[in-house]
Amino acid sequence: MKPTELYLRSELAEQWQDKDVFSVVAKLQGEVFRDKEGRRTLRFELGNKSYFLKFHLGVGWQEIIKNLVQLRAPVISAKNEWRAITFLEQHNIDTMNIAAYGERGKNPAKVNSFIITDELTDTMSLEYLGQQWKQTPPTFKTKITLIRKLALIAKDMHENGMNHRDFYLCHFLLDNKFAEHNTIDESTQLSLIDLHRAQIRSATPLRWIIKDLGSLYFSAADVPLTKRDLFRFIKIYSGDKLRENLDKNSSFWANVGKRAGKLLIE
């Protein structure tokens, strides 16, 4: 039997002392956001704090084989998210805070695992950024600051070996007062979430970089961006002079555009 992996932050370790933590977590009740394909996601409260739980019950061999046939890495436990959050923390990219993590079982189709993170309260996603900026155009400073933040997050992530696989604007959270003041500055915290499919390697394969950037570009389809805005992103992401990068990597950026176009058609 594979040894049980278990981490509990102090407040949860105190709450669940001398208990079978996996049984306790399996019985947690709250607002359910997902309950299918062997994964249950819910928001719950404990000790006057709110948390998010992702509990993996084992995906089964059929799901594993289906992903392998499609040349996709199957997500069999919460360890993916644990590793991704730890990676982002190590590279100073804002994300969720881990309150607990556990995994047990040897059979990959039946591994039981969970991850609990603090709820990111009073936040909103960038999913409806296009709608907001069409109604209330941002200042030039706000727009270039957001472009810079997104480009640097993508750059740091990819250069250090991680790709997200669901790299859309809806998976970035910021203070919900943004809906009112419509302002982003250097102090604005932009948290990257939904990391359960993320992949980490010594180097990020080019095709996964293209998929990430194409997904981000696709999700910004409704955002009023100019060609100069796109060039600004490219310049910051690449770290090169714009003309040199476009000359050197024209096919790469063309493939990013094709990926976004494909998603728009779908």
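1. Is Glu11 buried, partly exposed or exposed? With a relative accessible area of 23%, Glu11 counts as partly exposed, because the buried class ends under 20% and the exposed class begins over 50%. Please keep in mind throughout that this is a predicted model.

2. Glu11 is also the partner of Arg9 in a salt bridge, in which the closest N and O atoms are 2.7 Å apart. The structure holds 16 salt bridges, and two others are taken up in the next points.

3. Within helix H6, which spans residues 140-159, Lys155 and Glu159 lie four residues apart, or about one turn of the helix. Residues three or four places apart in an α-helix point the same way, because there are 3.6 residues a turn. A salt bridge links Glu159 to Lys155, with 2.8 Å between the closest N and O atoms. As for accessibility, Glu159 is exposed at 53%, whereas Lys155 is buried, its relative accessible area being 15%.

4. Asp240 and Lys248 form another salt bridge, whose closest N and O atoms are 3.3 Å apart. Here Asp240 is partly exposed, with a relative accessible area of 26%, while Lys248 is exposed at 58%.

5. Helix H11 (residues 250-265) consists of 16 residues, and the distance from its first C-alpha to its last is 23 Å, which is close to the 22 Å expected at 1.5 Å a residue. Its buried residues are Phe252, Trp253, Val256, Ala260 and Leu263. These lie on the same side of H11, because they cover an arc of only 100 degrees around the axis.

6. What do the buried residues of H11 pack against? Their contacts are with helix H8 (206-219), helix H9 (227-238) and helix H10 (242-248). On the face of H11 turned away from its buried side, the exposed residues are Ser251, Lys258 and Ile265, and a reader checking this helix may wish to view both faces in turn.

7. Turning to the strands, an open sheet is formed by three of them in the order E7-E9-E10, with antiparallel pairing. Strand E7 (123-125) and strand E10 (191-192) are the edge strands, each pairing on one side only. Strand E9 (residues 172-175) is joined to E10 by two bridges, the two strands running antiparallel, and Phe172 stands opposite Leu192 in E10.

Terms used:
Residues numbered from 1 in each chain as written. Predicted model: local features only at pLDDT ≥ 70, side-chain atom pairs only at ≥ 80, totals over all residues. Heavy atoms only, no water. Pairing = 2+ DSSP bridges. Expected span 1.5 Å × (residues − 1). Buried < 20%, exposed > 50% of the residue type's maximum accessible area, 1.4 Å probe, protein only. Arc of directions from axis to C-beta. Contact = heavy atoms within 4.5 Å. Salt bridge = Lys/Arg side-chain N within 4 Å of Asp/Glu carboxyl O.
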